[in-house]
Amino acid sequence: MNELPPSAQKVHDAAAAAGLQITVREMPDSTRTAEKAAAALGVTVGQIVKSLVFTGAASGKPYLLLVSGTNRVNEAGVARHLGEALTRPGADAVRTLTGFAIGGIPPFGHDTPLATYMDPDLLQYDVVWAAAGTPKAVFSAAPDRLRDSTGAAVIDVT
């Protein structure tokens, strides 16, 4: 077996530390978007976990939203739940917070602890797929196990 890129190995190790056994798959083509990942894996777009980073507009606190690939985040609705408006940090800020580039952000293994929230739509699937640290690396997990390993609170994000 080929060695994983360092970012993907970091995700693999973080999953194991969280009690989640995963197999990281390196794909021949980009899985940077939910649509590309679904096509590469032969699954529905809804089974793709988008790991989206936001910060609190007032607090600067980082938040991670694990969102079904078919859904768009209703920032106002999530802000009401969190008690503050959200902002989308730029690519450099996201890399600083997570240690990963946009398009490869995993649900765990970040450089900064992130308050994590999960889209309930992900729980309808037997298996979901998430980025594993690079724009070509992915892993699968049962959504309830992913929720538990990330400590995610399930909230309506749409």
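What volume does the second largest pocket have? I noted first that this is a predicted model. The second largest pocket has a volume of about 200 Å³.

**Second largest pocket.** I looked up the lining. Among its residues are Ala34, Glu35, Lys50, Leu52, Phe54 and Arg88. H2 and E2 each supply at least two residues of this lining. E2 has the largest share, three residues. I then sorted the lining by class. I found four nonpolar, two polar and five charged residues.

**Largest pocket.** I moved on to the largest pocket, with a volume of about 360 Å³. Its lining has 22 residues. Nearest its centre lie Arg32, Lys50, Ser51, Leu52 and Gly103. Helix H2 (34–41), strand E2 (48–56) and strand E6 (128–131) each give two or more residues to this lining. E2 gives the most, with six residues. By class, I wrote down 14 nonpolar, five polar and three charged residues.

**Helix H3.** Next I turned to helix H3, residues 75–82. Which residues of H3 are buried? I listed Gly77, Val78, Ala79 and Leu82. I then asked what the buried residues of H3 pack against. They pack against strand E3 (62–68), strand E4 (86–87) and strand E5 (115–118).

**Ends of H3.** I checked the start of H3. There, a side-chain oxygen of Asn74 comes to within 3.2 Å of the backbone nitrogen of Ala76. I also looked just after H3, where Gly83 has a positive phi of about 85°.

Methods
Residues are numbered from 1 along each chain as its sequence is written. This is a predicted model: local features need pLDDT of at least 70, side-chain atom pairs count only at pLDDT 80 or more; totals for chains, interfaces and linings use all residues. Side-chain values use heavy atoms; hydrogens and water are left out. Buried means under 20% relative accessible area, exposed over 50%, partly exposed in between (1.4 Å probe, protein chains only). Helices (H or I, at least four residues) and strands (E, at least two) are DSSP runs, numbered from the N terminus. Contact means heavy atoms within 4.5 Å. A polar contact is a pair of N or O atoms within 3.5 Å; within protein, one must be able to donate a hydrogen and the other to accept it, and residues adjacent in sequence count only if both atoms are side-chain atoms. On a 1 Å grid over the protein atoms alone, a cavity is a set of points where a 1.4 Å probe fits but cannot get out, and a pocket is an open set with protein on both sides within 12 Å along at least five of seven lines; lining residues have an atom within 4 Å of a point. Grid points are joined across faces, edges and corners, and a volume is the space filled by probe spheres set on the points. Ala, Val, Leu, Ile, Met, Phe, Trp, Tyr, Cys and Pro count as nonpolar, Asp, Glu, Lys and Arg as charged, and the others, Gly among them, as polar.
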